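Please keep the sequence and the model side by side while reading. The paragraphs below go from a surface patch to the sheet, its helices and the salt bridges.

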Amino acid sequence: GIGIAPQDLHKLFQTFVQIDSSIDRHYEGTGLGLALVKQITEMHNGQVSVESSLGLGSCFTITLPWIQVEEQLDQSPNLGISQSSCCILLAESHPDSAATIADYLQISNFEVILAQDGLAVIQQAIAHRPQLILMNLQLPKSSELPALDGLEVIRRIRAHPDTASIPLVVLTAAANLSEQASCLSVGANDYIAKPIRLKQLVSLIQTYVEIRDEN
């Protein structure tokens, strides 16, 4: 950025305050962004600091307290299944979403296997026989099978004897009734629109795994 003069640093985190408030200012904004960042960070018992040189730029640092994973494991709901022995196959095309979902499931004591494309989903499902498959419908197509879209992946999983009975939940960012009907018609058990509520996702997984164990 353009940097901030030392005498203006104290104004940064005030609401509705902008360093350049002149009529012909060159930069848009409401003066709320940094104030909100500071409030949200402090709500998490963290701190925000800034170092800046006029004409050179600014460096903002957010420091948040670390909570040990072990402290969270005991808070995971228990529906009578052994989550540590429960394997989830996660197929998610967006790396950030995959990392977020996988981390939460692992914190909840599930084992997670990742798949990058439709062909990998089929191969991993056959090789590992997970308790449940979470699959983004918009997966990248494999170079070996470029015509393998999400619906075809579900069909092939249902057609294989080793994977036919594995619960499969579709994740999608483009939710609509027609797509939902198509997914369910080819064998998906459930259909979840993003953004995903992770706590509810874990409860849904537990429900399907518990039903499968009973059968």
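A patch, as the word is used here, is made of residues with over 30% relative accessible area and no salt bridge, and nonpolar side chains are joined into one when they lie within 5 Å. The model is predicted. On its surface, Leu36, Ile40 and Met43 form a nonpolar patch, and together they have about 340 Å² of accessible area. Isoleucine 40 belongs to helix α1, which covers residues 33-43. Its relative accessible area is 48%, so isoleucine 40 counts as partly exposed.

The sheet comes next. It is open and made of five strands, paired in parallel in the order β4-β3-β5-β6-β7. At the edges are β4 (111-115) and β7 (190-193), each of which pairs on one side only. From one strand to the next, the twist averages 20°.

How many bridges join β5 and β6? Strand β5 (residues 132-136) and strand β6 (residues 168-172) pair over four bridges, in the parallel sense. Within this pairing, isoleucine 133 has leucine 168 of β6 as its bridge partner, and asparagine 136 stands opposite leucine 171, also in β6. Strand β5 also pairs with β3, again in the parallel sense and over four bridges. There, leucine 89 has isoleucine 133 of β5 as its bridge partner.

Is β5 mostly covered or mostly open? Five of its five residues are buried, and the strand is mostly covered. The cover is found on both faces: Leu132, Leu134 and Asn136 are buried on one side, and Ile133 and Met135 are buried on the other.

Helix α4 (residues 118-128) lies across β3 (87-91), β4 and β5, and it runs at about 145° to β4. Helix α6 (residues 177-186) packs on the sheet as well, touching β6 and β7, with its direction at about 150° to that of β7.

Threonine 172 is a residue of strand β6. Its relative accessible area is 0%, and because buried means under 20%, threonine 172 is buried. Apart from neighbours within four places in sequence, threonine 172 is in contact with Gln138, Glu179, Tyr191, Ile192, Ala193 and Lys194. With glutamine 138, the separation is 34 residues in sequence, while the C-alpha atoms are 7.1 Å apart in space.

The charged side chains are the last topic. A salt bridge here is a side-chain nitrogen of Lys or Arg within 4 Å of a carboxyl oxygen of Asp or Glu. By this rule the structure has five salt bridges.

Glutamate 92 and lysine 194 form one of them, and their closest N and O atoms are 2.9 Å apart. The two residues are 102 residues apart and come from distant parts of the chain: glutamate 92 is in the loop between β3 and α3 (95-107), and lysine 194 is in the loop between β7 and α7 (198-214). Lysine 194 has 22% relative accessibility and counts as partly exposed.

Another salt bridge is formed by aspartate 162 and arginine 129, with the closest N and O atoms 3.1 Å apart. Aspartate 162 is in the loop between α5 (150-159) and β6, and arginine 129 is in the loop between α4 and β5, so this pair ties together parts that are 33 residues apart in sequence. Both partners are partly exposed: aspartate 162 has a relative accessible area of 28%, and arginine 129 has 45% relative accessibility.

A further salt bridge lies within one helix. The side chains of arginine 156 and glutamate 152 meet at 3.1 Å, N to O. Both residues are in helix α5, and they are four residues apart, about one turn of the helix. Arginine 156 is partly exposed, its relative accessible area being 37%, and glutamate 152 is partly exposed at 23%. Salt bridges with shared partners join Glu152, Arg155 and Arg156 into one network.

Definitions and conventions: Residues numbered from 1 in each chain as written. Predicted model: local features only at pLDDT ≥ 70, side-chain atom pairs only at ≥ 80, totals over all residues. Heavy atoms only, no water. Patch = residues over 30% accessible without salt bridge, like charges linked within 9 Å, V, L, I, M, F, W, Y side chains within 5 Å. Areas by Shrake-Rupley, 256 points an atom, 1.4 Å probe, with all protein chains shown as cover. Buried < 20%, exposed > 50% of the residue type's maximum accessible area, 1.4 Å probe, protein only. Pairing = 2+ DSSP bridges. Axes fitted to C-alpha atoms, helices over the stretch in contact; angles between N-to-C directions. Contact = heavy atoms within 4.5 Å.
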